[in-house]
Amino acid sequence: MGQKYTMKVFILELLIFLLGLVFLIPFYFIVINSLKSFSEILINTAAWPDQFQWSNYVEAWGRLKYPKVFLNSLIITIFSNLVIVVFCSMAAYRLVRSPNKISKILFILFISAMVIPFQSIMIPLIRVTSHLGLLNNIPGIIVMYLGFGAGLSIFLYHGFIKAIPREIEEAAIVDGCSSFCVFWRIVFPLLKPITITIVILNSLWIWNDFLLPLLVLQDPDLRTIPLATFFFFGQYTKQWDLALAALILGIIPLLIFFFFLQRHIIEGISKGAIK
Amino acid sequence: MFSRKKIYQILSYISFIAPAFVVFSIIVLIPFILGMYYSFTNWNGVSGSVEWVGLDNFVHIFKNDLQFRESFLFTTKFTLASVLLTNLIGFLLALSLTRMLKTRNLLRTVFFLPNLIAGLLLGFIWQFIFVKGFASIGQLTDFSLFQLPWLGDAKTAFWGIVIVSIWQGAGYVMVIYIAAILNMPHEVVEAARIDGASGWRMLIHIILPLIRPAITICLFLTIAMSFKIFDLNFSLTGGGPFKSTESLAINIYTEAFVNNRYGLGAAKAFIFFIIVATITTLQVIYTKKKEIEA
């Protein structure tokens, strides 16, 4: 749009740039204060730290059991994505390629469940899953993420597969390839763009999720990053020096993830929203 | 009898769909149906006894549960304020950041950044800003707005949550609005420009009608998100002061897992479902209708 860089555009740029700085102020505050001693935070919150207190980070790292909770978050996110991608792409593929009454009913069930808020499921969920031994272990919560993620992921795969011409598969069937082989060799590679979108949307959701892990993972050794941060704040209320360092440790992995995949993430968000 | 080929086809159909569907049924469908059943019982979650009490829970909620009513009011007011402001700011950002600004890519990233971070962590970040950061800015500038006890007072705590939700959501809707603005048909925009349309008239007669679908999407997305607010609210104010900022989602959580009244909690969750499902269904119907018209 507007082609020339006029005075008006310059003023607009200046204003938006200032607003951008305002948006970043909270980050500035928590970063500088995470490097101060406790008394310094209380005396002068806005000032630059006198001396960098890296020991805050060392202590928060240890008390959070950071390597452990980071690994828990990572394992849960990666394996949940894996099972979601494998089983939802398979199901969506078959629902598209076998257009009968059952397929139609199943598809409607999957997508209409997307309107159910988590709060309307969580109370009985605890009872059902405890009977099945899914409570308080990592494989259990991965199974739950497959259940909760199925609706959106099948919906997105379904829309994408509908647009793939059938002829490609038929040639492979003639060559004597079984239906699994057709799917994994021929179809699945074609799904790469939508798989990327699905993995990004699910990763942001699962990595940041709080309430499900809070209800399901009671063992302190199984805590994820949001969960560990929550209990850390509960334990060290108002001990801002440690709490802020813990917050920054919690934020860093996602920032790294974002800077590597920025383009895909922004694309995924706009694609996922339009559906 | 079925032929061998037919049996093979059925088995293959089941093996593709069953894993996803079985897990989905156990995790989503069955608990959801059980939840509806529990909402008519007095189950307390601990003892095994589950007694049918008919409509007692619902009668109690509508007649005696003042806190539920307060939570409903808070959630509705919050949704209204947050949805309007988030979309307004997100749209203005998108409008500016599709102009020829030199720093536009950097700025898009900056505004989008808060959206990546877990709502729970955002709440904690802002707890520090409101409690310590604002106080120190207030000292430095003598600006009375920063000297208020932001999270200690019902009115300012409400706006505190609204501010954080805008900070979190504006960049998200901005991304969707930017995509819509960049997808506007070039000829139409150019033609309008040549005809001398600019500023307000361009915005009202050309841009807004062209990106209408995106506006609908963003409105409904933000309505659903705000109405279901939990994490951010939970860590920022915990529902306080004096439960004045307790969202419906927190109210249900507390009823079930703090007060251990699972039956009552399930009834609230059922009412919550009806409201959320109605909003979402309206969205789908409306979007489909617009698509057909277009």
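Buried residues, defined as those with 20 or more other C-beta atoms (placed from the backbone) within 10 Å of their own, make up 41% of the 275 residues in chain A. The model is predicted, so that local features require pLDDT of at least 70 and side-chain atom pairs count only at pLDDT 80 or more, whereas totals for chains, interfaces and linings use all residues. Residues are numbered from 1 along each chain as its sequence is written, while chains are lettered from A and ligands numbered from 1 in the order in which they are written.

Chain A contains 13 helices and 0 strands, these elements being DSSP runs numbered from the N terminus (H or I over at least four residues for helices, E over at least two for strands). The C-alpha atoms of chain A occupy a box of roughly 75 × 65 × 35 Å along the principal axes. With contact defined as C-beta atoms, placed from the backbone, lying within 7 Å, 75% of the contacts in chain A between residues at least 6 apart in sequence join residues at least 24 apart.

The contact between the two chains takes 69 residues from chain A and 71 residues from chain B. On the side of chain A that touches chain B, the largest share, 13 residues, is supplied by helix 13 of chain A. By class, this side of chain A has 52 nonpolar, 15 polar and 2 charged residues, where Ala, Val, Leu, Ile, Met, Phe, Trp, Tyr, Cys and Pro count as nonpolar, Asp, Glu, Lys and Arg as charged, and the others, Gly among them, as polar.

Helix 6 (residues 119-131) of chain A packs with helix 1 (residues 4-38) of chain B at an angle of about 105°, their axes lying 7 Å apart. This makes helix 6 of chain A roughly perpendicular to helix 1 of chain B, a term applied to angles of 65 to 115 degrees. Residues making the contact include A:Ile121, A:Pro124 and A:Val128 of helix 6 of chain A and B:Ile27, B:Pro31 and B:Tyr38 of helix 1 of chain B. By class, this contact has 13 nonpolar, 2 polar and no charged residues.

Helix 1 (residues 7-34) of chain A and helix 5 (residues 119-141) of chain B pack at about 80°, with axes 10 Å apart, and are therefore roughly perpendicular to each other.

Methods. Axes fitted to C-alpha atoms, helices over the stretch in contact; angles between N-to-C directions. Parallel < 35°, antiparallel > 145°, perpendicular 65-115°, else oblique. Buried ≥ 20, exposed ≤ 12 C-beta atoms within 10 Å, placed from the backbone.
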